[in-house]
Amino acid sequence: MSESTQDKQLLHLVFGGELESPDGIRFRDLEALDVVGIFPDYASAVVAWKAKAQMTVDNAHMRYFVVHLHRLLEPDKQ
C-alpha cells in the first residue's frame, strides 16, 4: 500500500549545541546537545530552529540545525 502525498510524514529534527569553532560543525560537548524536538514538516521545524537560534545569537559558537529525518529514513524516495 502506498502513502498518498497527504498522508506522508516529512519528519524533521531540530537540535543544536556549542561548536568548537564557528567555522566547523564539531560540537564541544556531545552530552550537552540541545534536542529541541521532532516536527511533522519543514515549516514548523524552521519556526523552532529560528526561535532557538535567536535565543543564542550572542554566542557565536552556538549553532542549531534542521535535519531532514524523512530523507534518512527513506533515502531512495528523494
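**The loop and its charged pairs**

Tutor: R26 counts as exposed, at 60% relative accessibility. The scale (1.4 Å probe, protein chains only) calls a residue buried under 20% relative accessible area, exposed over 50%, and partly exposed in between. This is a predicted model, in which local features need pLDDT of at least 70, side-chain atom pairs count only at pLDDT 80 or more, and totals for chains, interfaces and linings use all residues. Residues are numbered from 1 along each chain as its sequence is written, and side-chain values use heavy atoms, with hydrogens and water left out.

R26 meets E20 in a salt bridge, at 3.4 Å from N to O. The term needs a side-chain nitrogen of Lys or Arg within 4 Å of a carboxyl oxygen of Asp or Glu. E20 is partly exposed, at 41%. The count of salt bridges comes to three.

Another joins R28 to E18, with the closest N and O atoms 3.1 Å apart. R28 lies in the loop between β1 and β2, and E18 in strand β1, so the pair ties together parts 10 residues apart in sequence. Helices (H or I, at least four residues) and strands (E, at least two) are DSSP runs, numbered from the N terminus. R28 is partly exposed at 46%, and E18 is partly exposed at 32%.

Now D29. Its place is also the loop between β1 (12–18) and β2 (34–39). D29 is partly exposed, with a relative accessible area of 42%. Its side chain reaches the backbone nitrogen of E31 at 3.1 Å. That is a polar contact: N or O atoms within 3.5 Å, one able to donate a hydrogen and the other to accept it within protein, with residues adjacent in sequence counting only if both atoms are side-chain atoms. The C-alpha atoms of D29 and P40 are separated by 28 Å, at 11 residues apart along the chain.

D34 is partly exposed at 22%. Helix α1 starts with a cap: a side-chain oxygen of D41 lies 3.3 Å from the backbone nitrogen of A43.

Finally, confidence. The chain averages a pLDDT of 90, and 91% of the residues score at least 70. pLDDT is the predictor's confidence in each residue, from 0 to 100. It is highest in β2, at 98, and lowest in helix α2 (residues 69–73), at a mean of 89.
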